[in-house]
Structures are given as C-alpha cells and as structure tokens.
Amino acid sequence: MRRLEVDGIPAVLAPVTGPAHAGLVFRVGTADEPLARRGITRLVEHLVTDGLDPTGRTSWTTGPEHTWFHVQGSPTEITEFLTGVCAGLRNPPADRLAEVRELVQGARPERDPLPMWRHGARGFGVVSYPEWALPGLTEAHLREWISRWFTRENAALWVAGDEVPEGLRLDLPAGVRQAPPAAARTLPVTPAWFTGGVGWDTVIARGSEAAVFANVLERRVHRDLRDLTAQTRTEYVPRSDGTARILIVAEALPEQSEAALGGLVDVLAAVRAGQIDPDEVASVVKLTGEGLRESESRGARLPGQAFNLLAGREVQTLEEALAEVRAVTAADVARVAVEAYDAGLLMTPPGSTAEWAGYTAAPAMSDTVPAGRVHRGRRDRALRLISGPEGVGVTGHGVVAAVRWDSCAALLSWPDGGRHLIGEDAVTVRVEPTMYRGADRVVREVDARIPERLRIEMPARDRDRIPQPEPASGAGTGRLYATAILCGVLALFLLGGGLWILVQALAGPGTGNPRGEDVLALAGSLVFGVMLGRHGWTAARELGSRRS
C-alpha cells in the first residue's frame, strides 16, 4: 500500500488480485446535514452522476460521515467516471434537477429510529427523519453545499491497481478540510429504552477490541434468537471522532416480539456479566485475520484507509491490523461488553417496557414549558398552547413539549397555518390554529422568530388530515346549557334584588343615609350576581366555541 497525491488530493494505492477499481470520497454525510437540508447530499450525489453509468459497474453512496463514488473497470473506465464526477461537481446539470429530485424522492432510504433518541434532531440523529426538505432544494442550495463540502481539500482517493490510471484528472475547487461531525448527546441516562421494535445500539471507543466484541455479539445474538426471529442484523460502524457504533436489529417472528426482546436482553446481560467464551473469541480473531488478508488482496481495505486520511489518521498496514486483532483477548472483549452495555439504548416492541431489566425510559417530552401567553384548546380546556420570549410549548393530557426559539432544528410550515417546531432534542411542538383559541397570533410569532434557513414548506394537507377538536358529547353540551341558563337567571335575580334594596334604602326613613345591614345586603347581592354572571358568560362562550 502506497500513499501519494493526485491533483493535490491525498490517495492510497495497492495492487490487487482481482479487477481494478477506484473511489473518490468526500468528508460529508447525513450527519453534516441540518434537518432543514436533510437529503441534500444524496441529491448532489445523484445529480452529478446522472448519465455517467453506461457499464453498470459504478456506485455511489452517502453514509453518516462520508460520500463516495466507486468504479470498477479498465483504466479508461475509471478515468472517465471519476473525471465525470468532478466535472459534475464543478458544473452541476441544473436542467436535470427536477427529474433527478423526483428519482431521489422515489428511492427513500430506510430510516433508523435509534439515532434520534440518542442524538436528537441534529448530527447523527438526522438520519432518523424523512427527507422533508428535498422538494424545496434549489440550484443555489446545491451549489452552496458543493462549494463547502465537495472540494479538493475535503477529498481522498483510493486506487486498487498497479498504478493511478493515466490521464486521471480530479479537477475540484479549492476549499478546507471539514472536521468530523459532533456526536451530540440527548440521552441523560443510559442504559435506556424506548418503544419502536426490537433492537439495540451503543457508542463506544473504536478499535480492534470493539470490532471483535461486535462479531462475538453477532454470533451470540444469531444463535440465541434464531428460533424467535426471521433474521437479525449486526453492524459495527467506526466514526472519525474515535468512537464506533454497534447496532443490532432483530426482525421478530409473528407473536414472538416479547420473546425476542427478552432473548436480546438476556444476551446483553450475559456478555456484560463476563460470560464470554475464550474459544469463541479465538475463533472470531482467527476469522477476522483471514478476512483482513482476503480484503487486502481485493483492495477492500482501501476505502477505510482513505477515510482515515480524511480524519487525519495514519494509513494502517495489513501487518499492523493483524497484530492488533491477534492481541485481543477474552478479557478485552469482556471489558468492552461492560462499556457497551452501560451506554446502550434498547428498542422495545409497542406496549413493552424494559424497566424490569434495569433500563431507564428515554425522555419523550420536555421537563417544563417556557412562561408566556396561554391559549386554551377549542372544546378541550385541558389543552394549553404557551408562547413567550424564550420559546413555545404545549401541555395537556399528560403531554409536555417545548421548543426554545434558539434551539429549533426545523420548522414545518403548511399553507393552512399549521406549524410544527422540532427542537434539537427531538421534541416536537405542534401549533395548530384549529386546536387552540387565538393560535393565529402564535403562528405569526413563530414565522417571525424562526430563521428562513430552518423553514421547510410542506405540501397542502387534505382536509381530513388537518387536526380538529374532538366533537363535544351531548351530555357535556347539555350541562353547559343548563349552567349558562341557571347562572344567568340567578345573576339577574341577585342584581335585581340588589337594585331593589338600594331603592328601598334611599326611599325609607333617613333618606341618603342607608343602614349598615342594607349596605351589606346590597354588596352581597352585587358580588354574587357578578360572579354568577361571569360563570354563565364563560359557559356561553364555551358553547359558542363548540359551534365553530
């Protein structure tokens, strides 16, 4: 394996026994996208490769931290494809934007729910959300994104072959190397759980010990859950910041979700308790070494080395990689198992919890809402919409959700006035004018306070998808009628009685100097009359709102 440069771009090259291939990688991925630009990297990737795949031996991928373009073939085919990618980045075919956008929207990537609960609505958590922004992305947005991320200084090249293909030119604009995305943490306590399916992930220090542990865990999960699941999947994903994510997803058989969850919890608890088979570790170490040698011969280790170049890491030779793996022991794996368990996030089937296993529920709501102006719900006085100088929030029926103005990750805006604010902690506040009295004022405040760069214009909703207050029950309406009428009658009686007392006091002996008992009676009649009148007026207003 050799290090070199091609047109100012760092590169790694190594001979291979199979077909030659090469790849150009950029240090940008989904974790770099703000939620209000979710999907922009994938759109760039497809736009610049549009029409460059006549042989079917090319591919392009956007991952959490990297986007790369890969080609297998002759030196001429490698040169044509990678040169074409760079030309597309220099001058994106804007006339194809609408067509390519439609293609990208049709191929929606599978969403992973775990990152949002761990990282919130930013960084690595953005991948849990839909690509809402795609329809509104313009040529200007794409050019701005390309000028920041798809540059010579933010790229690396790998070539699996004897030499760099003659004539390869990587004509990219100048820029700066971009740092790895920050791994924001939303979970206050781990191990934690949330409801969604059957799965688990953790984030630990990367290295050979972690990679071997992931393989040991994969074998154990497959063996113990094979009668309860259609399939299980385990991934080990190293990150540029020196950490790695381990993911387990179990597709439970029908009626076996609870059993699959219990089996997964048992496996995780067992490895944390040190129940690690040394023979299994030795077997994994041996197979990992064989896999490294085979990957070296095919050039499959080269992409990872190009990623390392972008992270400022040294290129690792095969001998160094083998030495690290061979040094891993069962005790190392047991130590990593404790670290992984303690940082774990468990996904449970709907209707299930994991308190019984010692996990803490991941917070799904806010602790408090900001102080401010209160708008009551239409037909449901338990609902509250609060808007103030610090942010906006909603409460009612066990829900407490708040988003600060300065920590809003995205604003979804509908033509009917609906506004959904998504906070960086993944909490969503839904401002729906149909649900709260005077909410139009809050909508105007939201539009004024949230910057345009965070706004996502949503398509018009069908009428039946716009939230509406629950219809009032007949009994509830009857009680309001009775309250309004009774309070109104009593209020008139008391106020009329007060007036009569006043007339009698002024017309009787000692005119102009009413007795003390007359004053008290007058005051009592007026106070209770006003109180009953206000109560009746409130009931009448509630009836009016139920008709709206």
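Q: Before we dig in, what counts as a salt bridge here?
A: A salt bridge is a side-chain nitrogen of Lys or Arg within 4 Å of a carboxyl oxygen of Asp or Glu. Keep in mind that this is a predicted model.

Q: Good. How far apart are the side chains of Asp-224 and Arg-220, N to O?
A: They meet in a salt bridge at 3.6 Å, N to O.

Q: And where do those two sit in helix 6?
A: Helix 6 covers residues 208-225, and Asp-224 and Arg-220 are 4 residues apart in it, so about one helical turn separates them. An α-helix has 3.6 residues a turn, so residues three or four places apart point the same way.

Q: Is Arg-220 buried or exposed?
A: Arg-220 counts as buried, at 15% relative accessibility.

Q: Zooming out, how many salt bridges does the structure hold?
A: There are 32 salt bridges. One of them joins the side chains of Arg-42 and Glu-131, at 2.6 Å from N to O. Arg-42 lies in helix 1 and Glu-131 in the loop between helix 4 (114-119) and helix 5, so the pair ties together parts that are 89 residues apart in sequence.

Q: Are Arg-42 and Glu-131 buried or exposed?
A: Arg-42 is buried, and Glu-131 is buried too.

Q: What about Arg-245 and Asp-112?
A: Their side chains also form a salt bridge, at 2.8 Å from N to O. This pair links distant parts of the chain, 133 residues apart: Arg-245 is in strand 10 (residues 243-252), while Asp-112 is in the loop between helix 3 and helix 4. Arg-245 is buried, as is Asp-112.

Q: Back to helix 1. How many of its residues are buried?
A: Helix 1 (residues 40-49) is mostly covered, with 10 of its 10 residues buried. Among them are Ile-40, Leu-43, Val-44, Leu-47 and Val-48, along with Arg-42, Glu-45 and His-46.

Q: What do they pack against?
A: The buried residues of helix 1 pack against strand 4 (58-62) and strand 5 (67-72). They also pack against helix 2 (75-90), helix 3 (97-106) and helix 5 (139-149).

Q: New topic: where is Pro-467?
A: Pro-467 is in the loop between strand 20 (455-457) and helix 13 (474-507). Pro-467 is partly exposed, with a relative accessible area of 28%.

Q: Which residues is it in contact with, leaving aside neighbours within four places in sequence?
A: Pro-467 is in contact with Glu-432, Thr-434, Met-435 and Arg-461. Glu-432 is 35 residues away along the chain, and the C-alpha atoms of Pro-467 and Glu-432 are separated by 7.2 Å.

Q: Last one, the whole chain. How many helices and strands are there?
A: The chain has 14 helices and 20 strands. It has 548 residues, and 47% of them count as buried. Of the contacts between residues at least 6 apart in sequence, 74% join residues at least 24 apart.

Note on methods:
Residues numbered from 1 in each chain as written. Predicted model: local features only at pLDDT ≥ 70, side-chain atom pairs only at ≥ 80, totals over all residues. Heavy atoms only, no water. Buried < 20%, exposed > 50% of the residue type's maximum accessible area, 1.4 Å probe, protein only. Contact = heavy atoms within 4.5 Å.
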